Amino acid sequence: VLILEMKAGWALVNVYALNGSEFMWRDPLGRASPKTRNERKREFNKLLMEECLGLQRRGLRVVLIGDFNISLTKMDCHPRLRTEYPHGLARSEFTEQFLPQLRVVDVFRDLHPTTKSYSWFAKGKPQGADCARVDYVLVEDTLKENVVDITYMEEDEARAHSDHAPLLLTMKNMSGLLEAFQSTSSSWSPAPESHPSEYQLA
């Protein structure tokens with residue numbers, strides 16, 4: 001996880017979440033006991049949620065973007081959504097705890113409720129034979145109006161040798177968030193970086 005805090009009053013959280021499996025995960029620093037990758041995945045999601053809640057308590061709006069390794073709905077997978085344990089448990093915790101507690105929404109699905117689009121494609125199979133939307137953008141519900149566009153670049157040329165498609169997010173009016181927050185609170189201390197009012201994130 002990489003976090004970039006903006007003077008404008010928001011934080012960009014770049015996520016690469018663990019892919020769950022029954023293979024063992026071991027802490028490279030040796031501080032945590034060994035556990036399955038599925039167990040670590042759920043633990044990671046809880047730690048990420050606490051980190052983002054901490055940002056929000058400081059007055060920062062959060063924008064999360066990256067590979068969450070969880071498909072949220074049946075529409076986001078082909079040929080099927082894995083609902084068996086423990087995949088179903090990780091998804092339910094994510095949708096019933098992570099999303100509502102952070103008050104964030106899946107930008108693509110909010111803008112395109114019936115569109116099928118994917119960000120991961122199984123290697124060695126024809127395009128679209130085995131794919132899922134596991135990379136996405138989550139923004140606080142109060143930031144939905146700041147989203148201009150979101151696009152998955154699914155073409156082979158855009159993906160090159162990767163099994164993931166690039167994701168392009170464009171937002172506007174992000175430089176005025178600090179002023180809006182300061183009008184209702186005087187407890188926020190500014191973060192170290194500043195950027196222009198319109199952003200394209202890929």
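Colleague: What share of the contacts comes from residues 24 or more positions apart?

Modeller: A contact means heavy atoms within 4.5 Å. In this predicted model, residues 24 or more positions apart make up 69% of the contacts with a separation of 6 or more.

Colleague: And what are the ground rules for the values?

Modeller: Numbering starts from 1 along each chain as its sequence is written, and side-chain values use heavy atoms, leaving out hydrogens and water. Local features need pLDDT of at least 70 and side-chain atom pairs 80 or more, while totals for chains, interfaces and linings use all residues.

Colleague: Now the open sheet: in which order do its strands run?

Modeller: Strands of a sheet pair through backbone hydrogen bonds, parallel or antiparallel. Strands are DSSP runs of E, at least two residues, numbered from the N terminus, and two of them pair if DSSP finds at least two bridges between them. Here 3 strands go 6-9-8, with antiparallel pairing. Strand 8 pairs with strand 9 (residues 131–132) over 2 bridges, and Phe121 has Cys131 as its bridge partner.

Colleague: Why is one side of strand 6 and of strand 8 without a neighbour in the sheet?

Modeller: Strand 6 (77–78) and strand 8 (120–121) are at the edges, each with a single partner strand, so one side of each has no neighbour there.

Technical notes: Helix = DSSP H or I, 4+ residues; strand = E, 2+ residues; numbered from the N terminus.
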